[in-house]
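Please keep the sequence and the model in view while reading the numbered points.

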Amino acid sequence: MDDVDRKILAELQQDGRLTVTELAGRVRLSVSPCHRRLRELERSGAVQGYRAVVDPAALGLRFEALVFVSMRQEDRDTVAGFERALGEVEQVLEAQRLFGDPDYLLRVATADLAAFQRLYDERLATLPGVQRLTSTLVMKHVVRDRPLPM
């Protein structure tokens with residue numbers, strides 16, 4: 001990956017709806033070489049996809065929490081079962097496996113506190129291998145969806 005590829009990626013992170021012609025102009029390439037580079041970045045997986053960034057509040061999701069998960073045991077089968085089941089919980093927007101304790105960090109969005117409590121009690125607490133859940137509420141987003149540094 002060279003500096004031109006990095007410029008292409010930086011521009012796409014700012015506006016994924018750019019046409020190839022607009023993108024080429026911004027990175028100072030003609031259209032054909034820009035298009036070739038873009039397709040190679042897509043093929044290599046550097047560009048993993050394009051999507052709209054939707055305001056959660058527009059969907060009625062006005063409540064967000066971070067949930068820390070400590071596992072009872074961390075053998076391969078338990079971890080795989082937990083992660084598989086977690087993937088089916090649509091309110092979990094992000095999940096990271098961590099070194100140390102806790103074992104996982106989840107970002108969860110629901111309509112309100114009552115919906116979060118139901119999710120917590122009925123789904124999250126019953127996931128395979130969970131020993132303890134601890135949560136904290138998001139007051140506000142200070143940095144959100146920042147483009148990756150180039």
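**Note on the predicted model**

1. Leu41 is buried, since its relative accessible area is 4%; buried means under 20% relative accessible area, exposed over 50%, and partly exposed in between (1.4 Å probe, protein chains only). This residue belongs to helix H3, which comprises residues 31-44. Helices (H or I, at least four residues) and strands (E, at least two) are DSSP runs, numbered from the N terminus. Leaving aside residues up to four places away in sequence, Leu41 touches Met1, Asp5, Ile8, Leu9, Ala46 and Val47, where contact means heavy atoms within 4.5 Å. Met1 stands 40 residues from Leu41 in sequence, yet their C-alpha atoms are 8.9 Å apart in space.

2. Residues are numbered from 1 along each chain as its sequence is written, and side-chain values use heavy atoms, with hydrogens and water left out.

3. Is Asp5 buried or exposed? With a relative accessible area of 13%, Asp5 is buried.

4. The UniProt record, an unreviewed entry, carries the annotation "domain: HTH asnC-type" for residues 1-62. UniProt positions are given in the numbering used here, feature names are shortened, and annotations may be inferred rather than shown by experiment. Over residues 1-62 the chain is 55% helix and 0% strand.

5. The order of elements may be followed through the whole chain. There are five helices and four strands, and reading along the sequence gives the pattern α-α-α-β-α-β-β-α-β. Among contacts between residues at least 6 apart in sequence, 64% join residues at least 24 apart.

6. The C-alpha trace spans about 55 × 35 × 25 Å along its principal axes. The chain has a radius of gyration of 20 Å, whereas a compact globule of 150 residues would have one near 15 Å. That radius is taken over C-alpha atoms, and the globule rule is 2.2 Å times the number of residues to the power 0.38. Of the 150 residues, 29% count as buried.

7. Thr110 lies in strand E3 (residues 104-110) and is buried, with a relative accessible area of 5%. Beyond residues up to four places away in sequence, the contacts of Thr110 include Gly60, Phe63, Gln91 and Leu119. Leu133 lies in strand E4 and counts as buried at 12% relative accessibility. With the same exclusion of residues up to four places away, Leu133 touches Val67, Phe68, Val69, Tyr120, Leu124 and Ala125. Leu113 provides an exposed example. Leu113 is placed in helix H5 (residues 113-124), and its relative accessible area of 52% makes it exposed. Leu113 and Cys34 are 79 residues apart along the chain, with their C-alpha atoms separated by 48 Å.

8. Most residues other than glycine have a negative phi, and most peptide bonds are trans. A cis peptide bond, with omega about 5°, joins Asp101 and Pro102; Pro102 is in the loop between strand E2 (92-97) and E3. Arg28 is not a glycine, but has a positive phi of about 60°. Arg28 is in the loop between helix H2 (20-27) and H3 and counts as exposed at 75% relative accessibility. Asp145 likewise has a positive phi, near 50°. Asp145 is in the segment after strand E4 (130-137) and is exposed, with a relative accessible area of 52%.

Methods:
This is a predicted model: local features need pLDDT of at least 70, side-chain atom pairs count only at pLDDT 80 or more; totals for chains, interfaces and linings use all residues.
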